[in-house]
Amino acid sequence: MLLAERSHPRLVAARAAVEAARGQAVQARLYPNPTMAGSSPQIAGPESQWNGFVQQDLVTAGKLRLSQQAALRKVQQAEYDLIRARFDVLRDVRQAYYALLVSQRRIEIYRLLLDIAKRSYDIGMALAEAGEGTKADVLFWSIERDRADVRLINASVYVETGRRELAAAIGLPRADVGEIEADLFQKIPWFDLKTLQEEIVRANAKPRAAEARIAQSQWALERAVVQPIPNINVMGGYQRQVGPAQQQGLVQVMMQVPLFDRNQGNIRSARADIASSRAELRTIELDLATH
């Protein structure tokens, strides 16, 4: 199990996705950088002019906060996806492990059957030679001996296949898996079906990830609603003329006017995403309840 958690590429990718989502959440709240510039609109000896200015966008309507909240819900999704990937990998490892264990036990049984068939064949031959048995008995035990031998060969193939499947489930397909041990006859605990279904729906990572997607869609809708509110672009600067000496300050305020584009399409799309995410959650709950 520890090898699978450390080396399986699905878990490596899921952990990387969590880190990427966290980075996006950090980036979503960062304020836009200011712009600094200097220029000379006129170079003409004593009449030369020089200026410099700083320009900054002022983000309005809490857009950065809303963007970060949506990004944080994506972090939650990635974390739940990591939990789900971990349990999927461990489930596959367990299934491959016990399948190999059963194959090993099958070899032990077929060896016993082959030994019994061989001894029965030898006894039948001895009885036939002594006049106490028939050729039909000898033929029967000869067929049983050959059948047991074929079963043993097939079981050996299943063991080798099971070892490769277990190595692949761990995430180390080239690993050399040897003999494994476990108790095949351990008693399976009894579960109340209805209680088990409720616990699965409550604790499973899939519904929690779907809930996080719903929350992300809701924050995305709020972000889309405030998008038409214009940001304010502020510029302040200084200008100097060489001769005759003149100095003056520069101030500029700009903003876009949401006359045509009021983000109507993205708002509509965000509302549809909420409905889709809720339907997805309901589908996941139904799937878990019926398995």
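**Burial, backbone and helix packing**

Visitor: Does Asn263 count as buried or exposed?
Guide: Asn263 has a relative accessibility of 9%. Buried means under 20% relative accessible area, exposed over 50%, and partly exposed in between, with a 1.4 Å probe and protein chains only. Asn263 therefore counts as buried.

Visitor: What kind of model is this?
Guide: Residues are numbered from 1 along each chain as its sequence is written, and side-chain values use heavy atoms, with hydrogens and water left out. Local features need pLDDT of at least 70, side-chain atom pairs count only at pLDDT 80 or more, and totals for chains, interfaces and linings use all residues, since this is a predicted model.

Visitor: Where is Asn263 found, and what is its phi?
Guide: Helices (H or I, at least four residues) and strands (E, at least two) are DSSP runs, numbered from the N terminus. Asn263 is found in the loop between β4 (246–254) and α7 (264–289). Its phi is positive in a residue other than glycine, with a value near 60°.

Visitor: Which residues does Thr60 touch, not counting residues up to four places away in sequence?
Guide: Contact means heavy atoms within 4.5 Å. With residues up to four places away in sequence not counted, Thr60 touches Ile229, Pro230, Asn231 and Ile232.

Visitor: How far apart are the end C-alpha atoms of helix α4?
Guide: The expected span of a helix is 1.5 Å times one less than its number of residues. Helix α4 has 36 residues (135–170), so it should span 52 Å. The distance between its end C-alpha atoms agrees with this, at 53 Å.

Visitor: Against which helices do the buried residues of α4 pack?
Guide: The buried residues of α4 include Val138, Leu152, Ala155, Val159 and Ile170. They pack against α1 (2–7) and α3 (63–129).

Visitor: How far apart in space are Ile107 and Leu152, C-alpha to C-alpha?
Guide: Ile107 is found in helix α3 and counts as buried at 10% relative accessibility. Not counting residues up to four places away in sequence, Ile107 touches Leu152, Ala155, Ser156 and Val159. Ile107 and Leu152 are 45 residues apart in sequence, and their C-alpha to C-alpha distance in space is 6.0 Å.

Visitor: How far apart in space are Ile109 and Ser48, C-alpha to C-alpha?
Guide: Ile109 also has its place in helix α3, and at 37% relative accessibility it counts as partly exposed. Ile109 and Ser48 are separated by 61 residues in sequence, and their C-alpha to C-alpha distance is 101 Å.

Visitor: Are α3 and α6 roughly parallel or antiparallel?
Guide: Axes are lines fitted to C-alpha atoms, for helices over the stretch in contact, and angles run from 0 to 180 degrees between N-to-C directions. The axes of α3 and helix α6 (residues 205–226) come within 8 Å and cross at roughly 165°. Angles under 35 degrees count as roughly parallel, over 145 as roughly antiparallel, 65 to 115 as roughly perpendicular and the rest as oblique. The crossing angle therefore makes the relation of α3 to α6 roughly antiparallel.

Visitor: With which residues is Ser277 in contact, leaving aside its neighbours within four places in sequence?
Guide: Ser277 is found in helix α7 and counts as buried at 9% relative accessibility. Leaving aside neighbours within four places in sequence, its contacts are Arg213, Ile214 and Ser217.
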